[in-house]
Each structure stands twice: as C-alpha cells, then as structure tokens.
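Hi,

Here is the structure I promised to pass on. Please open it alongside this note. My findings follow below.

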Amino acid sequence: MTEPFSLLVIADSQYLFDGSRQSPELLDATFEEVAKLQSSGGIAPLAHIIHVGDVTEHGWPEECSVALEALRAGAHVVGTRGDGAPAMTIATGNHDVAHHSRDDRGPTPFVDVFGPGCELLDGGHLEGIVEHGPGGYSSWRSVRLPGGSSLGVLALDWRPSEDGWQWANQMLDHHAQMPTVVVSHEVASQEALTPHGLVLHEWLSQHPQVFLVLGGHNWPSTRVLTSEREFHTINYQELPFGGAGAARIYDVDPGTGSCQVISLCPALRHPKVLRSVAARRQLALAREEDQFSFSLPTALGGRPNVPWQAEGMDLLANIVPEGVVEFGASLSGRFALELRCRLPEAMSSDWQVLLARLGPSPGDSPEPLAALSLSSENFLGWMAFVDGGETWATSHEYPSGASVTIVVSNGDRAGVWVDGDRVGRVDDNLSESLLDGPWRWRVGAGEYNDSYADEFTGCVLQVRCWAQHDE
C-alpha cells in the first residue's frame, strides 16, 4: 500500500524573476520551511516538486538563469540523504514563451534551460526517464512513491499543438492504471473553468486516472470540483511582493484517503515583508480556497462514502431521522460513529444533544451514558462513560447554521473529527471501550435524570454506526 507522501507546488514566480528585479530569497524561505516541516514530521516525505508555469516574467536568458539557480538550490535544501534532491515538473507559462505561440514555436531561452536536459527534471524519486513532447515543452514522468506504487505527472505546454495533444494522449493511454496529476498553466478562474480549462475537462473525459489538474495564471487561487476530478489554480502574484514565494504542500495520506492542501508563505517572516501591514494580512493565506482537504482516488487509498476510522468494521446502523428517533446498536468493542448535521441558525443559551446513549450512568450521575452535544458556545463535544471512567473531547466554536460531519471513534483510531479535522481538546480515556450496559440510542435529543432533555434545534441528517466487537 502507498505510504504518506507530499508534493510541493510552486505558484507563478514571474515577479521574483523580472529583469533586474530579482527576489530569489523569498523563494529560498519557502524551501527552507518545507525542509523543516519534512524533517520534523510535520508533513510526509516530499516525493516531487511541481512548478505550474510562469517561472519568469519575460523568458529572458538572464531571468531563466537566476530562476534555475534558485530552484536548484531549493531542491537540494529539501532533498533527503537517501534520494537526494527530488525531481521537478516545470510547466510552460505564457510569460515564459511568446503567449500567442504553441509548442511548435521552436527553440526559446526557456526550453534551453528548463526543457530536455535540465538537471532539475531528473532528480530523485523517478522511475525510468522523463519523456518530452513536441519541441520539448511538455513532459511526462512516473514518480516513485513510498510503499512501492507510482504517481504519473504530465506537464502540458501553455498551448499544445495537435501533435502535442496526440503525444499527451499517448502518455496517458500508456499509463491508464496509474493515478495521475496533470499540470497546465491555465485551468480555472473565479471558481469556474476557463475556456482552456473546459478543453482540458473534455479531453480528460477519456482519462479517468487523472484525479487532479493543477494550474496558475489567474488569480486569486481557486478550486473547481467536478464529478471526475479536482481543478486547482495556484497563484498568489496579486498579493504583496509578488506573492513573496508563497507555495502549496499537498500532503497525501492514503491511510485516511485524503489530501491536506496547505498554502504557506514562509517569507512572511522576512524583515522586508514582515514590516508591511498588507503583507501580514494577506499572506496569511487563510481563505477556504487556500486551506482545504479533498478525497483521494481509490488507487491512492480513497474510500468512497466510508470514513477511514470505520475501515474493517461492520455497519450496524444507518439512520436518516425525521425528528427525534431511537434505535439500538451495540458498540461494545471498537466503534466509529458518523453524524451529519446542520447546526441551529442561532446560538442557544442551553446545551443541545445530537445523539445520546440512554440508560443509568455510574455513580448516580444524571448524565446519559454518552452524548454528542452542542454547547451554548457552539462547541461540539463528545462525553461518554468508558471502562476507564469518563471521557471528554471538545471542539472549537463553529458558526451558526454550519453543515458539519462529525466522526467519533475509539481504540487505536481514537478521536473526534469535525469535517476531517481532529478536535484538539481530548483526554486519555477517549480510546477506552464504552461502558457495558443498555445499547439504546436517541437521535435529536438527550436524557437527564432519566428524563427526556436537551432537544437539538438544528437538523440531524444522518447517523451511521460501525463496530468491531472483541472476540
């Protein structure tokens, strides 16, 4: 099985390599930060580096030379001792070549530096050779992943010719079973595919192994999700200091079947950037389009419609309630609970219970045996009596009216997750088995002193329970 790995994706860097206006040190800070995250275990081992194009402002020889040196130095900074510097995929952007041309444009300073023969393309973690399309502007490689599987990465020219499209089709046809990322400089803008993005979308209909398409060109960064794949535009050049070397990490975890998309700008701590109020505000990159996660394809560990915490367990209950309902489900061993709900439109002054386990609690406690609740501060919390006593896990505050998915599990996968994020306030008893006793559950309200209480004024959409009983 594929083990966790990460990809570093560098956005349009043209404003850092613009004639005599050079700021390679801002990109240096990004590579240094990624190296620290990797060595500390903050991200999975880096398998590959991708540049989405517009490496330079004009494609001039002197710009390409400085950009080459900056990228070479950065690759060595993030390289590991065993495999050395990871290989790069470098797409061609409209500023790197004549914007009206296609891949049959002939030689350019850009392809002389970043095309066939470029040392950056032939670094570590590759299987076989890098193959190049017409004119040397498009490229294909197979990236060796931890655990022995492979990832295809296809970079297209800014505007492929007919021969370019035909070559790309051949590459994808020859690797039809390999999960693949396509890099094309123009993909999406303002939460919609661009005309060229629509061409890509139609073309990729015959290549279902492509699960992710990356581009730049337009700003701000945006995300478009279709039924077949994700399209991401990564571009920060509208921000102060030309984006200041901001980049993305795609942290892939096949164990959970998800990828964390982490946008960061380490140069924010650079003295000349730190002293800018606008930079401090904007380069924090806190928009939903810059910080999110998405599900992986099955070839990389994705599990359609089943939370990873429930892997290997039996589905005991699947409740789509209409109002307050009760059901039975024995969760005496390892278990996973999933609840989808919409929170109340306004905060309540009282606690409300989304799901409760009914029955007498130890020590004459008036509380139910377990409860998933919404506090008066819009925190979500899990309380349960377990073999070790009592356990609590509490989230941060969520906005009124939000739709959220909550997962609770014990054992070696113990935790409480809201929309895929593990809540931070937990105790050591969370992994314990639930206390033996009645296995009656109530959806939409709780129980206090053996009486009906704490009705939920939002909407519980679905409850699913999995269990793996001890033998």
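Which residue in E4 is the bridge partner of Leu 7? It is His 48. Keep in mind that this is a predicted model.

Strand E1 (residues 5-10) runs parallel to strand E4 (residues 46-51), and five bridges join the two. In general, strands of a sheet pair through backbone hydrogen bonds, either parallel or antiparallel.

Now the whole sheet. Six strands form an open sheet in the order E5-E4-E1-E15-E16-E17. The pairing is mixed. From one strand to the next, the twist averages 20°.

A helix packs on this sheet: H1, residues 24-40. Helix H1 touches E1, E4, E5, strand E15 (247-253) and strand E16 (258-264). The direction of H1 makes about 170° with that of E1.

Next, the nonpolar cores. The largest has 76 residues. Within this core, Leu 71, Phe 114 and Tyr 250 touch the most other members. Helix H2 (residues 61-78) supplies the largest share of the core, seven residues.

Leaving aside residues up to four places away in sequence, Leu 71 touches Ile 10, Leu 27, Phe 31, Val 55, Met 88, Ile 90, Phe 114 and Leu 120.

There is also a second, separate core of 39 residues. Its members include Ile 319, Ala 370, Tyr 398 and Ala 414.

Best wishes

Note on methods
Residues numbered from 1 in each chain as written. Predicted model: local features only at pLDDT ≥ 70, side-chain atom pairs only at ≥ 80, totals over all residues. Heavy atoms only, no water. Pairing = 2+ DSSP bridges. Helix = DSSP H or I, 4+ residues; strand = E, 2+ residues; numbered from the N terminus. Axes fitted to C-alpha atoms, helices over the stretch in contact; angles between N-to-C directions. Contact = heavy atoms within 4.5 Å. Core = buried A, V, L, I, M, F, W, Y, C linked by side-chain atoms within 4.5 Å. Buried < 20%, exposed > 50% of the residue type's maximum accessible area, 1.4 Å probe, protein only.
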